[in-house]
Amino acid sequence: MKSAYELAMERLAKEGPIHHLTDDQKAAIAEIDDRYRAKIAEKEVFLGGKLAEAKMSGNYPEAAQIQEQLTRETARLRDECEAEKAKVREASA
C-alpha cells in the first residue's frame, strides 16, 4: 500500500515532469532570497519609521499613505524575487 505522499508524487509526475535543482541553482535561489529579504527589511525599517512618526504626530492620512506605499513596495519586491528565482529554475529545464 502506498502512502499519501507517494500517491501525490505520482499525480504530480503525471501532470508535468519534476525538475531537480542542482546545488548551484539551490545556492543561487538562497542568495536571491537573502538579497530580497534584506531589501524588504530595509523598506520596512525606513518606511516603518516614517509611519510611526506620522501616527505619533496624528497625521493619519499620511500614515495610511505610507502604509499603502510599504505594502506596494513589499509586494513588488516579492514579485521581483519570485521572477528571479523562476529564471534560475527555468535554467534547469
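Student: How are α2 and α3 oriented, roughly parallel or roughly antiparallel to each other?
Tutor: In this predicted model, α2 and α3 pack at an angle of about 175 degrees, and because angles over 145 degrees count as roughly antiparallel, the two helices are roughly antiparallel to each other.

Student: And how far apart are their axes?
Tutor: The axes of α2 and α3 are 9 Å apart. As for what the contact of α2 with α3 is made of, its residues divide into 15 nonpolar, four polar and 14 charged.

Student: OK, on to the charges. How many salt bridges does the structure hold?
Tutor: There are seven salt bridges in the structure, and one of them joins the side chains of K43 and E73, with N and O at 3.0 Å. K43 lies in helix α2 and E73 in helix α3, so this pair ties together parts that are 30 residues apart in sequence.

Student: Is E73 buried or exposed there?
Tutor: E73 is buried, with a relative accessible area of 15%, because buried means under 20%.

Student: What does R35 pair with?
Tutor: R35 forms a salt bridge with E84, and the closest N and O atoms are 3.3 Å apart. This pair links distant parts of the chain, with R35 in helix α2 and E84 in helix α3 (residues 60-90), 49 residues apart. Both count as partly exposed, R35 at 29% relative accessibility and E84 at 25%.

Student: Switching to R37, what does its side chain meet in a salt bridge?
Tutor: The side chain of R37 meets that of D34, at 3.1 Å from N to O. R37 and D34 are three residues apart in helix α2 (residues 23-56), which means that about one helical turn separates them.

Student: How exposed are R37 and D34?
Tutor: R37 counts as exposed, at 54% relative accessibility, because the cut-off for exposed is over 50%. D34, at 45% relative accessibility, counts as partly exposed.

Technical notes
Residues are numbered from 1 along each chain as its sequence is written. This is a predicted model: local features need pLDDT of at least 70, side-chain atom pairs count only at pLDDT 80 or more; totals for chains, interfaces and linings use all residues. Side-chain values use heavy atoms; hydrogens and water are left out. A salt bridge is a side-chain nitrogen of Lys or Arg within 4 Å of a carboxyl oxygen of Asp or Glu. Helices (H or I, at least four residues) and strands (E, at least two) are DSSP runs, numbered from the N terminus. Buried means under 20% relative accessible area, exposed over 50%, partly exposed in between (1.4 Å probe, protein chains only). Axes are lines fitted to C-alpha atoms, for helices over the stretch in contact, and angles run from 0 to 180 degrees between N-to-C directions. Angles under 35 degrees count as roughly parallel, over 145 as roughly antiparallel, 65 to 115 as roughly perpendicular and the rest as oblique. Ala, Val, Leu, Ile, Met, Phe, Trp, Tyr, Cys and Pro count as nonpolar, Asp, Glu, Lys and Arg as charged, and the others, Gly among them, as polar.
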